[in-house]
Amino acid sequence: MSDSATSGAAPAARPRVLSGIQPTADSYTLGNYLGAVRQWVALQDEFEPFFFIADLHALTVEQDPKVLRERTYVAVAQLLAAGVDPERSAIFVQSHLPEHAELGWIMQTITGFGEARRMTQFKDKSAKGGEGAASVGLFAYPMLMAADILLYRPQYVPVGEDQRQHLELARDLAGRFNSRYKKTFRLPEPYILKETAKIYDLQDPTSKMSKSASSPNGLVSLLDDPKVTAKKIRSAVTDSGSEVRYDPEEKPGVSNLLTIYSALTGESFETLEQKYAGSGYGAFKGDLAEVMVEFVTPFRDRTLALMADKAHLDRVLADGAGKARAVASRTLADAYDRVGLVPAAR
């Protein structure tokens with residue numbers, strides 16, 4: 001028995017991580033699951049996680065209120081169905097903690113206009129409809145995201161390449177605040193998810209699978225009828241020839257399907273190539289369709305069962321918000337004090 005165990009020393013605190021996902025679709029895609037949600041489940045073993053549904057961010061584009069509310073619940077239900085455990089993770093809705101918006105305003109006051117204008121999210125989205133049609137909320141989105149992160153003083157933030165710029169802004173603003181006032185915020189480090197499976201459109205395997213970009217037949221939605229999902233896999237675009245081989249340059253279609261197969265079963269590309277040597281695409285896609293059905297069916301069943309009990313989801317979110325508020329309220333109070341705001345009388 002170790003000295004710490006015999007002396008009754010408290011176990012070392014787990015490093016804190018934070019991540020969020022927007023409620024902007026009726027279902028997570030396979031890409032959402034493999035690229036983020038499955039990784040969140042694994043993070044629970046080593047870290048103290050804070051996972052939130054970013055409903056305030058969803059308002060940067062026009063939303064149907066009833067649809068947004070339902071999508072928020074279904075986003076929570078899918079996290080639980082995937083294995084995010086409310087006993088080990090704080091699962092909450094962004095708007096349930098006004099601290100996010102309040103610290104977001106502080107972050108806006110220390111961000112330069114040109115600095116904000118250079119953010120990729122605003123440039124890309126405003127380019128589609130013109131800057132005049134973009135909301136101020138979209139412009140301020142990165143500062144709110146910085147607040148989302150800094151509120152919890154996390155050690156790590158899981159990021160993909162598309163979010164790296166936002167994390168860099170959060171680090172810049174934290175350093176600027178700490179220098180201008182007093183050290184208040186931790187500078188969070190990127191947590192690069194290992195071997196993240198990047199999933200491409202089934203009909204256009206050169207484009208990332210995305211609910212905003214993919215064609216309906218190219219998108220695998222986890223809450224689709226499993227028969228629909230199987231049909232999409234069987235009709236996925238492949239490549240010339242008949243060899244099942246992982247070669248993203250020469251065979252992007254087959255390589256995408258191999259990535260999905262490997263990610264869901266744990267079998268290596270080499271094993272799968274040997275398994276289907278001489279078999280052709282038909283047998284390969286047929287087996288992958290079965291693998292997909294075996295995965296999505298229980299996931300879908302669990303999600304629908306959770307959606308049938310909104311009271312349970314409300315309890316999970318209330319508990320998660322309580323855990324989050326215990327951290328966020330202290331951080332906001334420190335930030336308000338350091339910028340010189342008079343505390344409210346109690």
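In which helix is the place of Thr259? Thr259 sits in helix 11, which covers residues 252-265, where helices (H or I, at least four residues) and strands (E, at least two) are DSSP runs numbered from the N terminus.

This is a predicted model, in which local features need pLDDT of at least 70 and side-chain atom pairs count only at pLDDT 80 or more, while totals for chains, interfaces and linings use all residues. Residues are numbered from 1 along each chain as its sequence is written, and side-chain values use heavy atoms, with hydrogens and water left out.

**Overall build**

The protein has 14 helices and five strands. Its radius of gyration, 22 Å, is close to the 20 Å that the globule rule gives for 346 residues, so the protein is as compact as a globular protein of that length; the radius is taken over C-alpha atoms, and the rule is 2.2 Å times the number of residues to the power 0.38. Along its principal axes, the C-alpha trace spans about 75 × 65 × 40 Å. Of the 346 residues, 47% are buried, a class that means under 20% relative accessible area, against over 50% for exposed and in between for partly exposed (1.4 Å probe, protein chains only). Among the contacts with a separation of 6 or more, 75% are between residues 24 or more positions apart, a contact being heavy atoms within 4.5 Å.

The accessible surface comes to about 17000 Å², and carbon and sulfur atoms hold 51% of that area, as computed by the Shrake-Rupley method with a 1.4 Å probe. The 41 positive and 44 negative charges have mean positions 5 Å apart; Lys and Arg count as positive and Asp and Glu as negative, without His and the chain ends, and each charge is placed at NZ of Lys, CZ of Arg, CG of Asp or CD of Glu.

**Strands 2 and 3**

Strand 2 (residues 48-53) and strand 3 run parallel and are joined by four bridges, where pairing requires that DSSP finds at least two bridges between two strands. Within this pair, Phe50 stands opposite Ala90 of strand 3. In a regular strand the side chains alternate between the two faces of the sheet. In strand 3 (residues 90-93), Ala90 and Phe92 point one way, Ile91 and Val93 point the other way, and all are buried.

**Individual residues**

Thr259 is buried at a relative accessible area of 11%, and, not counting residues up to four places away in sequence, Thr259 touches Ala197, Lys198, Ile199, Tyr246 and Phe269. Arg171 belongs to helix 9 (residues 164-180), and, leaving aside neighbours within four places in sequence, Arg171 is in contact with Leu187, Pro188 and Glu189. Arg153 lies in the loop between helix 8 (136-150) and strand 4 (156-159), and its phi is near 45 degrees, a positive value in a residue other than glycine. Pro216 occupies the loop between strand 5 (189-192) and helix 10 (226-234), whereas Ala101 is found in helix 5 (residues 99-109).

| Residue | Relative accessible area | Class |
|---|---|---|
| Arg171 | 22% | partly exposed |
| Arg153 | 23% | partly exposed |
| Ala101 | 45% | partly exposed |
| Pro216 | 67% | exposed |

Some C-alpha separations complete the picture. Arg171 and Arg186, 15 residues apart along the chain, are separated by 8.4 Å; Pro216 and Leu202, 14 residues apart in sequence, are 9.5 Å apart in space; and Ala101 and Ala36, 65 residues apart in sequence, are 24 Å apart.
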